[in-house]
Structures are given as structure tokens and as C-alpha cells.
Amino acid sequence: MTKSEFRALTAQGPVLLDGATGSNLMKAGMPRGVCAEQWILEHPQVILELQRSYVEAGSRILYAPTFTGSEPYLAQHGLEDRLEELNSRLVALSKEAADGRALVAGDMTTMGRPDVPYERMLEYYTRQAGALKDAGADLLVAETLMGHEEAMAALEACSLVCDLPVLCSFSVTADGMLYFGGSVYEAAAQLAEFGAAAVGINCSSGPDQMETVVRGLARELTVPVIAKPNAGMPVIDDAGNAVYSMGPEEFASHMEALRTAGAVLLGGCCGTGPAYIQAVQERLFQR
């Protein structure tokens with residue numbers, strides 16, 4: 001996908017992303033502490049069924065399940081030498097699920113710590129971005145970012161290996177502050193200036209707590225704004241599982257408000273599933 005094609009897509013109106021991957025994999029039996037990428041490849045039908053359901057619900061962009069497919073995360077399981085293979089096979093699964101009806105974004109995430117040197121982050125992101133590009137991803141996304149510097153490293157890495165559209169989204173506090181310091185508004189503006197195709201927020205909280213931040217981003221940015229929230233704030237049950245209380249209809253009503261606030265790319269993060277995307281689709285396109 002070219003950057004001009006992406007601009008044309010988002011100019012037509014709201015674009016639905018997919019919902020959560022990780023929380024649905026755990027519902028399907030993925031144990032805690034395993035390498036998600038390896039588990040998915042050992043149980044491919046789980047991701048195929050999930051992502052096909054997202055496409056049926058209205059998702060036009062699927063995030064490939066490569067979230068922690070970077071060297072530092074794979075190294076925790078002794079799999080860093082298989083990075084290219086794992087990312088390639090996972091993108092292929094998402095392509096199979098999409099079946100030409102949705103785009104597939106190669107997915108990268110935060111380094112998870114604020115003290116990784118910029119050059120090291122650039123190295124990590126460049127290797128994964130290159131693998132995702134070679135695997136045939138239609139576009140790239142760096143999500144759940146916690147700091148300005150890692151976002152810039154991810155964006156620079158993508159620009160070094162390809163000319164695909166790059167989406168960047170942060171996990172932020174309710175007042176728009178980044179977890180590694182600084183404001184999402186300043187970080188988003190710089191990312192847009194340096195070529196990000198879309199910028200926004202994901203995870204963090206429920207859609208009911210994102211409206212102020214989304215409105216502020218939409219007011220300041222000339223690129224499309226991303227909103228991909230959780231299904232409300234989680235409560236930890238007796239078994240240590242995160243339970244999200246917001247159902248699909250309530251979620252969709254708040255997502256409609258985020259669309260009004262200026263979000264263009266809308267989806268769900270932790271606790272959401274195909275029923276949530278279906279409810280958002282009905283709210284935005286069938287009223």
C-alpha cells in the first residue's frame with residue numbers, strides 16, 4: 001500500500017481496525033508466560049478464526065499477531081534467531097484470514113523500558129520492520145508506545161527499510177501524558193512532521209476516558225487520528241485475570257463519541273472482540 005492510497009482510504013471516512021488479539025488468545029487457551037508468536041503458529045486456527053471474525057464484523061485493517069515479535073522479546077524465549085521466520089509466517093496467517101478483504105498491518109510495540117539507548121532501539125525496530133516488509137505487510141504499525149524517543153526510533157526504522165504507511169499509537173494517561181515522560185500532543189505532532197501516516201492512542205483505558213485526548217489530537221494534527229481503547233478499565237478477578245465490564249453496545253456508543261471528537265481509525269484493544277467491532281460498525285455505518 002502506498003502512502004497516497006492510505007490517504008485516499010482515510011479521506012473516505014472512518015476506517016475500522018480490528019479488536020484485541022492477546023486477551024482473546026488467552027481465552028482460547030494460551031498460557032501466561034509463553035511466547036505468543038510461537039503459540040499462535042502451533043495453534044494457527046485460533047488466529048485464523050479470530051481475524052476472519054474481525055473481517056466479517058467490518059475490520060478493514062487487521063494487525064498481524066507480531067506484537068512482541070522483536071528481538072528483545074523473542075530473546076526471552078531463546079527465539080531471536082527465528083525473528084524473520086516467525087514474523088513472516090504470522091503475516092502470512094493474517095493475509096490468509098484477510099483473504100483480500102482487509103489490509104494487514106505488521107505490528108510492533110514498545111521496548112517496555114525507558115532506558116534502552118536510541119541506537120539500540122533503532123536496531124531492534126529496523127530488524128523487525130524489515131522482516132514485516134519482506135513478509136508482505138500492507139502497512140506498519142507501532143502501538144502501545146510509552147515514550148517519544150522509542151516512537152521516533154520505530155518511525156525512523158520503518159523509513160529506513162520501506163516506504164509503507166506507518167501508524168503510531170501511544171498508551172497514555174487520561175490527561176495525555178506518556179508513561180516514559182512528556183506529552184502525547186508534542187510527540188504526536190513531531191511524528192506527523194516526520195512522516196507518520198496516522199497517530200493516536202490505544203490500550204490505556206476505555207473509550208469513555210479518551211475523548212479529551214482524541215479531541216486534542218484531532219485539533220492539532222493534519223494526519224488521521226487513531227483510537228483503539230480497551231473495553232473499559234479492567235478489574236482483576238480471584239484467578240488473576242483481567243475482567244473488562246464494558247459490553248459491545250456501551251463500547252460502541254463511546255466510540256461514536258470518539259468519531260465525533262475526530263478519530264478516523266477506530267478499533268478495540270484489551271477486552272474487545274469481534275462483537276465489539278460489529279457494534280461499532282453498526283453505530284458508524286448503519287445509522
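**Strand β5 and the cysteines**

In strand β6 (residues 198-203), I201 is the bridge partner of F170, a residue of strand β5 (residues 166-170). Helices (H or I, at least four residues) and strands (E, at least two) are DSSP runs, numbered from the N terminus. The model is predicted: local features need pLDDT of at least 70, side-chain atom pairs count only at pLDDT 80 or more, and totals for chains, interfaces and linings use all residues. Residues are numbered from 1 along each chain as its sequence is written, and side-chain values use heavy atoms, without hydrogens and water.

- β5 and β6 run parallel and are joined by 4 bridges; two strands pair if DSSP finds at least two bridges between them.
- From β5 the chain passes through helix α9 (residues 184-193) to β6 in a right-handed β-α-β crossover, that is, clockwise from the first strand over the helix to the second with the strands pointing away from the viewer.
- Strand β4 (residues 139-145) is also parallel to β5, with 4 bridges, and V141 has L167 as its bridge partner.

**Burial of β5**
- Because 5 of the 5 residues of β5 are buried, the strand is largely enclosed by the rest of the structure; buried means under 20% relative accessible area, exposed over 50%, and partly exposed in between (1.4 Å probe, protein chains only).
- V166, C168 and F170 lie on one side, and L167 and S169 on the other.

**Cysteines**
- There are 0 disulfides, a disulfide being a pair of cysteine sulfur atoms within 2.5 Å.
- C35 is buried at 6% relative accessibility, and its nearest cysteine sulfur, in C270, is 18 Å away.
- The sulfur of C270 is 3.9 Å from that of C203, too far for a bond.
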